[in-house]
Amino acid sequence: MKTFKFTCGFTDYPVTVTYYQPAAIAEFEPQRRPLVILLPGGGYAFYSDRENEIVALQYLAQGFAVAVVAYRLIEQPPVLPGALYQLAGVVHEFHQHAGRYGISATHILLVGFSAGGHLAALYAGLWPRLAADLQVSAATLRVSALTLGYPMIGLRLGWPTDAAVASAIVGTWPQHEADQVVTAQNPPTFIWTTAEDELVPAENARRFITALHQHGVPMVATIYPHGPHGLSLARAVTAFPMSFKSAHPDFGERFIRPDVAEWFDQQLQWLAELWDLNAFWRRQ
């Protein structure tokens, strides 16, 4: 595996990307890989390490390349629309230089958690408008599929509760409710959350699911009955250790949910059918 950072994007919206490229298999001709563009959560205040490299490695184990995007945070307000233009620049970069990165531009999965899920969900609905704004071909901003984990969908749906934070996210940008910008051009979507999410209420996911259904967008949606916000892989490797809250050593147990942990493999199965990955790999 090779890992390197680079900066790309449109002139006024540069963005740093950490790229994970799987090692070539010596016996094979060079392969084009599916690409995951990963947006960790963190409330637009930071990038959660629990949704960053540890998640990227899961996709790498399946032969995917992964690009983790350091999108704009609230320390540089407003987040929108700049973060959307940054994300557009990343997608455009991989479309324009697919050969350089060894990826298939028709097999791009956009993945977002929590606040990163908000940015991903907005992008999924707004990419044709972004192409017009940036004066590029819409085809170069298309992603092929979308995965959302416990996403924030609309600022009216329970997070953030601080008006100053909300203002730092949206500024004067009017299209900040992701369920309200869904169109029939949204990519097929895999979305999951938990009914007990105490930070980003499950109503966020429900509204997005309803909008996808209304516009005929193919999707797989699961609302698990139990589990807190920020489950990530819902396995011990991403659960908070005892040292995180020494006064409450059992705190991290809540983040180990075997039922929820099934989401990753279920997503892989969905992608295998959506993209006919058996044929994709065999025909190279």
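## Second pocket

Starting with the second largest pocket: 13 residues line it, and Pro 22, Ala 23, Ala 24, Gln 31 and Arg 33 lie nearest its centre. The space inside comes to about 210 Å³. Sort that lining by class and you get seven nonpolar, three polar and three charged residues. Keep in mind throughout that this is a predicted model.

## Largest pocket

The largest pocket has a volume of about 350 Å³. Its lining is made of 21 residues, and the closest to the pocket centre are Gly 42, Phe 46, Ser 48, Leu 199 and His 229. By class, nine of the lining residues are nonpolar, seven are polar and five are charged.

If you wonder how such spaces are found, rolling a probe the size of a water molecule over the atoms shows where empty space is left.

## Overall build

Stepping back to the whole chain, you'll find eight helices and eight strands. The radius of gyration is 18 Å, close to the 19 Å that the globule rule gives for 284 residues, so the chain is as compact as a globular protein of that length. Along the principal axes, the C-alpha atoms fill a box of roughly 55 × 40 × 35 Å.

Of the 284 residues, 56% count as buried. Among contacts with a separation of 6 or more, 77% come from residues 24 or more positions apart.

## The nonpolar cores

The largest nonpolar core has 67 residues, and Tyr 123 and Phe 208 are the ones with the most contacts inside it. Helix 4 (residues 114-134) gives this core its largest share, twelve residues. There is also a second, separate core of 34 residues, which includes Leu 60, Tyr 150, Phe 255 and Trp 263.

Leaving aside residues up to four places away in sequence, Phe 208 touches Ala 121, Leu 146, Leu 148, Ile 153, Ala 178, Val 182 and Ile 191, among others. The list of Phe 208 partners also includes Asp 179, Asn 186 and Thr 189.

## Two cis prolines

Now for some backbone details. Leu 80 and Pro 81 are joined by a cis peptide bond, with omega at about 5°. To find Pro 81, look in the loop between strand 4 (65-70) and helix 2 (82-96).

Another cis peptide bond joins Trp 159 and Pro 160, and here omega is about 0°. Pro 160 sits in the loop between strand 6 (145-149) and helix 5 (163-170).

## Positive phi away from glycine

Ser 232 isn't a glycine, yet its phi is positive, near 55°. You'll find Ser 232 in the loop between strand 8 (219-224) and helix 7 (263-274). Is Ser 232 buried or exposed? Its relative accessible area is 0%, so Ser 232 counts as buried.

Asp 276 also has a positive phi, about 50°, without being a glycine. Its place is the loop between helix 7 and helix 8 (277-282). Asp 276 has a relative accessible area of 43%. Buried would need a value under 20% and exposed one over 50%, so a residue in between is called partly exposed, and that is the label for Asp 276.

Definitions and conventions:
Residues numbered from 1 in each chain as written. Predicted model: local features only at pLDDT ≥ 70, side-chain atom pairs only at ≥ 80, totals over all residues. Heavy atoms only, no water. 1 Å grid on protein atoms, 1.4 Å probe; cavity = no way out; pocket = protein on both sides within 12 Å on 5 of 7 lines; lining within 4 Å. Points joined across faces, edges and corners; volume = space filled by probe spheres on them. Nonpolar A, V, L, I, M, F, W, Y, C, P; charged D, E, K, R; others polar. Core = buried A, V, L, I, M, F, W, Y, C linked by side-chain atoms within 4.5 Å. Buried < 20%, exposed > 50% of the residue type's maximum accessible area, 1.4 Å probe, protein only. Helix = DSSP H or I, 4+ residues; strand = E, 2+ residues; numbered from the N terminus. Contact = heavy atoms within 4.5 Å. Rg over C-alpha atoms; globule rule 2.2 N^0.38 Å.
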